[in-house]
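Biologist: I am new to this structure and would like to learn how to read it. Could we go through it one feature at a time?

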Amino acid sequence: MAPLEQIFDTVKFDILTETQESDNEKMLKEISRSFISDTITVPTKEMYAYAARASLGDDVYSEPSTQALEAHMAKITGKEAALFVPSGTMSNQLALRTHLQQPPYSVLSDHRSHIARYEAGGTAFHSGAHLECVHPSNGHHLTVADVRANITTGTDVHTAPTAVIALENTLNGTVIPQADVIAISEFAHENGIKMHLDGARIWHVAVETATSVRDICAPFDSVSMCFSKGLGAPVGSCLVGSQQFITKARWFRKLFGGGMRQTSFMAAAAAYALSHNFPLLPKVHQLARRLASGLEEIGAHILSDETCMVFFDPTPIGVEYTEIMQRASNLSEPLKIGRARLVVHIQTSPQAVEDFLRLVGELAQEKRDAGFVPPEKSKLNGNANGNMYNWKV
């Protein structure tokens, strides 16, 4: 047998580097110059200090700070109860699994939605449900006409009846008008269909439309809300709904492996984000509008520019995405770009926006100097229904 001290020495590990503080400053700089996603934001020292003061419970049994956050989320959304979970994907999948009680059944969603494209086929895996992925006829958002044309009802044994309509707001940064949400909800409930909202970026909807979170959530039976997207918390989402619904979802959370223990510091970070980072979103939207207007002035085609996201096409100025990405990565202070989608977040530097616009402007001028002639706008082919999430070179 090895001496205990030897065993302890084998196991111990210092994760901090000798240059950790300077490394972190470098990372913060990189984050401020990245347009990849709003999930890359990091906790501030103030957020960490606040989180360190939270309670010391075990959330599988009882965790006071986490319970306080859940009660607050239920209150501001107008629902009976809430459940803190590790991720937005888990929150969505828990909601669907809890709503879907007896197969056969299907879930109707926008074909671009996170549930349809970016949750690893979770709806089929966890719930055994068919996804009916609909292209919005207006190219922007689903309407009640789209839903009427695509839901499945009745007793035809060849079909999987629609049990849940899952909307996403915002979706690719775009806001679904509340009137359309209400119309879909009324139609769904008239037909015994549940309504779920993937509200990962619901905070942007509230800011952009000056609508209370409670009113946005009112048409839905369940809502998933993210603390790390937009709000800058390190981890976590909340699922809200009726008491009966959340009680069952909590059981499924345990089954899914999502029952966590000392969650208070995560809940406290989320609370800090609600209080201190949510009010920063108007400036984020303003910076995104500056980004879009600047690109438009240069001659790029703007595919979408709502809330915190700008989707653009540089082909009208003769430039390829790969050229922009290469030039951006070679700057003395590099910019990180993910092709068509540009995401502005609470830690985006205004200087990064100006540097990006300058870079694209320089590339456009180089193309003109080389003899490129911009095409007529009527020949441009925007793709409002396409897969706008594309990070590959």
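Modeller: Gladly, and please keep in mind that this is a predicted model. Let us start with cysteines.

Biologist: How many disulfides are there?

Modeller: The idea is to look for two cysteine sulfur atoms within 2.5 Å. By this rule the count is zero disulfides. Take Cys 238: the nearest cysteine sulfur belongs to Cys 226 and is 11 Å away, so with a cut-off of 2.5 Å Cys 238 is in no disulfide. Cys 308 is in no disulfide either, and the nearest cysteine sulfur, again that of Cys 226, is 12 Å away.

Biologist: Is Cys 238 buried or exposed?

Modeller: Cys 238 has a relative accessible area of 0%, so it counts as buried, the cut-off being under 20%. Cys 308 is buried too, with a relative accessible area of 0%.

Biologist: Now for pockets. How does one find empty space?

Modeller: A probe the size of a water molecule is rolled over the atoms, and this shows where empty space is left. Here, the largest pocket holds about 360 Å³ of space.

Biologist: Which helix gives the most to the lining of the largest pocket?

Modeller: That is H2, with five residues. Helix H2 (20-32) and helix H3 (45-51) each supply at least two residues of this lining. Among the lining residues are Glu 21, Met 27, Pro 43, Tyr 48 and Gln 347. By class, the lining has five nonpolar, three polar and three charged residues.

Biologist: And how much space lies in the second largest pocket?

Modeller: About 280 Å³. Helix H12 (243-255) and helix H5 (88-99) each bring at least two residues to its lining, and H12 has the largest share, with four. The lining includes Arg 97, His 99, Asp 221, Phe 245 and Lys 248. Its classes are three nonpolar, five polar and four charged residues.

Biologist: Last topic: the nonpolar core. What should I look for?

Modeller: Look for buried nonpolar residues joined through their side chains. The largest nonpolar core has 81 residues, and those with the most contacts inside it include Met 73, Trp 203, Phe 227 and Leu 295. Helix H16 (residues 350-369) provides the largest share of this core, eight residues.

Biologist: Which residues does Met 73 touch?

Modeller: Leaving aside residues up to four places away in sequence, Met 73 touches Ala 82, Trp 203, Met 225, Phe 227, Cys 238, Val 240 and Leu 274. There is also a second, separate core of eleven residues, including Leu 83, Met 90, Phe 245 and Ala 249. Phe 245 in that core also lines the second largest pocket.

Note on methods. Residues are numbered from 1 along each chain as its sequence is written. This is a predicted model: local features need pLDDT of at least 70, side-chain atom pairs count only at pLDDT 80 or more; totals for chains, interfaces and linings use all residues. Side-chain values use heavy atoms; hydrogens and water are left out. Buried means under 20% relative accessible area, exposed over 50%, partly exposed in between (1.4 Å probe, protein chains only). On a 1 Å grid over the protein atoms alone, a cavity is a set of points where a 1.4 Å probe fits but cannot get out, and a pocket is an open set with protein on both sides within 12 Å along at least five of seven lines; lining residues have an atom within 4 Å of a point. Grid points are joined across faces, edges and corners, and a volume is the space filled by probe spheres set on the points. Ala, Val, Leu, Ile, Met, Phe, Trp, Tyr, Cys and Pro count as nonpolar, Asp, Glu, Lys and Arg as charged, and the others, Gly among them, as polar. A nonpolar core is a set of buried Ala, Val, Leu, Ile, Met, Phe, Trp, Tyr and Cys residues joined through side-chain atoms within 4.5 Å. Contact means heavy atoms within 4.5 Å.
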